[in-house]
Amino acid sequence: MSENASLYGTYNRIPLRFERGEGVWLITEDGSRYLDFAAGIAVTSVGHSHPHLVETLKNQAERLWHLSNLYEIPDQARLADRLTEATFADRAFFTNSGAEALECAIKTARRYHYVNGQDNRFGIITIEGAFHGRTLATIAAGGQDKYLEGFGPKAPGFDQVPFGDLDAIKNAINDETAAVLIEPLQGEGGIRELSAQWLRDLRALCDEHGVLLVLDEVQCGVGRTGKLFAYEWAGITPDIMAVAKGIGGGFPFGVCLATEEAAAGMTPGTHGTTYGGNPLAMAVGNAVLDVILKDGFLQHVRDVSLVFKQGLAEIADRYPDVVDEIRGTGLMLGIKCKGPNSELLVAMRDANLLGAPAGDNVVRLLPPLTTTVEEAREGLARLSAAAAAVSGAKA
Ligand SMILES: *Cc1c(COP(=O)(O)O)cnc(C)c1O
């Protein structure tokens, strides 16, 4: 392994060097082809080097890269129009990352109460095992010791309650509570799902107490679950929502979406960013939506998901010593492992198949949403071989 001594030592990198991507494939410098079911952690939503994205980015690069938000940016307004039309939201603020979309969501929630004369309401209730990013506020929101340790006092105003425990949320709500912040489908936490009914009950609880519901759909949004956003499965709407990852298809940007009412306090000067919503990012974001909003695209995601679910169920039946449980919705799938998840991930890599680790001893499969049925079957065959190898190694 050639770990570079000039870089921060923050990542344990896998010694693979990819030079090119084509759709669902990643190709190394020496020509090996890997089926990429990690997709840059749910980022390359329409696959690598999608022709429409490449063309759009090239054209934009020749015209204009960056403008300050001092000026009008028509593509930014257009993307906001399209996102608000397709969702619960009336307003959008563009950021550079998921964590920044969450920062905007948290600020929007607090500011909402502030302008309503309740500046004591700043508390955000979050869920154990959640992941909201790595900024000082979002590590406090996630509340995980492993991300907080050594970084000074935890930012105040974030309280965690156990996963799936509505009573705990009810008990945690007090007259300082601004919002409940939740991933409708936990990603890093291990593809942990909340039922539609649970989410409806949470919405009702928030309404009862005048608490805003903030969703983190950074990972599960933008078609990943087979709906444009995961909240649609529950038939609820949030007040505020953070989105990133898949929305950029690999171009780094995010967005905070909010209702008119929730965003009312975000007046000129209250928030800003240098790069957020710049022309390059917005061109690509519009191109991603061109693909994902096309008639039949989300149905394709649901169809391919079925192929995965059936294939994964077979693998789970065949290798009960390897697979504990299959989880997830759409193309956000998790394999809870019996042995260490790293074992299965290594065996998958040996079969030229890439997945991503998650908490709760889970291997995540987050294939591009453009993955075909044939590619899904190819991946399942490789996964089966990997499971056989892990199973055989134990026997
Ligand atoms: C990845 C992720 C984030 C953080 O996004 P960054 O772009 O890494 O800042 C926040 N929330 C969820 C659910 C995520 O999966």
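Colleague: Which crossing does helix 12 make as it passes helix 13, left-handed or right-handed?

Modeller: Helix 12 passes helix 13 in a right-handed crossing. The model is predicted, so local features need pLDDT of at least 70 and side-chain atom pairs 80 or more, while totals for chains, interfaces and linings use all residues. Numbering starts from 1 along each chain as its sequence is written, and side-chain values use heavy atoms, without hydrogens or water.

Colleague: Which residues make the contact of helix 12 with helix 13?

Modeller: Helix 12 brings Glu343, Leu344, Ala347 and Met348. Helix 13 brings Leu383, Ala386, Ala387, Val390 and Lys394. Contact here means heavy atoms within 4.5 Å. The residues of this contact divide into seven nonpolar, no polar and two charged. (Ala, Val, Leu, Ile, Met, Phe, Trp, Tyr, Cys and Pro are nonpolar; Asp, Glu, Lys and Arg are charged; the others, Gly among them, are polar.)

Colleague: Why is helix 12 called oblique to helix 13?

Modeller: Their axes come within 8 Å and cross at roughly 125°. That angle makes helix 12 oblique to helix 13. Under 35 degrees would be roughly parallel, over 145 roughly antiparallel, 65 to 115 roughly perpendicular; oblique is the rest. Axes are fitted to C-alpha atoms, for helices over the stretch in contact, with angles from 0 to 180 degrees between N-to-C directions.

Colleague: Why are helix 11 and helix 13 called roughly parallel to each other?

Modeller: Helix 11 (residues 297–318) and helix 13 have axes that cross at roughly 15° and come within 10 Å. Helix 11 and helix 13 are therefore roughly parallel. Helix 11 passes helix 13 in a right-handed crossing. On helix 11 the contact uses Val304, Val307, Phe308, Gly311, Leu312, Ile315 and Arg318. On helix 13 it uses Val373, Ala376, Arg377, Leu380, Leu383, Ser384 and Ala387. These residues divide into 10 nonpolar, two polar and two charged.

Colleague: What about helix 3 and helix 10: at what angle do they pack?

Modeller: Helix 3 (residues 74–86) and helix 10 (residues 279–292) pack at about 30°, with axes 9 Å apart. They are therefore roughly parallel to each other. The crossing of helix 3 past helix 10 is left-handed. Among the residues in contact are Asp75, Arg78 and Leu79 of helix 3, and Met282, Asn286 and Asp290 of helix 10. The contact divides into five nonpolar, three polar and four charged residues.

Colleague: What makes strand 1 and strand 15 edge strands?

Modeller: The open sheet has four strands in the order 1-2-3-15, with mixed pairing. Strand 1 (18–22) and strand 15 (353–354) each pair on one side only. Pairing takes at least two DSSP bridges between the strands. Four bridges join strand 1 to strand 2 (residues 25–28), and these strands run antiparallel. Gly21 stands opposite Leu26 in strand 2. Helix 13 (residues 373–394) packs on this sheet. It touches strand 2, strand 3 (33–36) and strand 15, and its direction makes about 105° with that of strand 3.

Colleague: What makes Glu22 and Arg33 a salt bridge?

Modeller: Their closest N and O atoms are 3.6 Å apart. A salt bridge needs a side-chain nitrogen of Lys or Arg within 4 Å of a carboxyl oxygen of Asp or Glu, so the pair qualifies. Glu22 lies in strand 1 and Arg33 in strand 3, so the pair ties together parts 11 residues apart in sequence. The structure holds 13 salt bridges.

Colleague: Which order do the strands have in the open sheet with antiparallel pairing?

Modeller: The four strands run in the order 13-14-17-16. Strand 13 (323–329) and strand 16 (356–358) are the edges, each pairing on one side only. The twist averages 30° from one strand to the next. Three bridges join strand 16 to strand 17 (residues 362–365). Ala356 has Arg364 in strand 17 as its bridge partner. Helix 12 (residues 341–350) packs on the sheet and touches strand 14 (332–337), strand 16 and strand 17. Its direction makes about 40° with that of strand 17. Helices (H or I, at least four residues) and strands (E, at least two) are DSSP runs, numbered from the N terminus.

Definitions and conventions
A crossing is left-handed if the near helix is turned anticlockwise from the far one by less than a right angle, and right-handed if clockwise.
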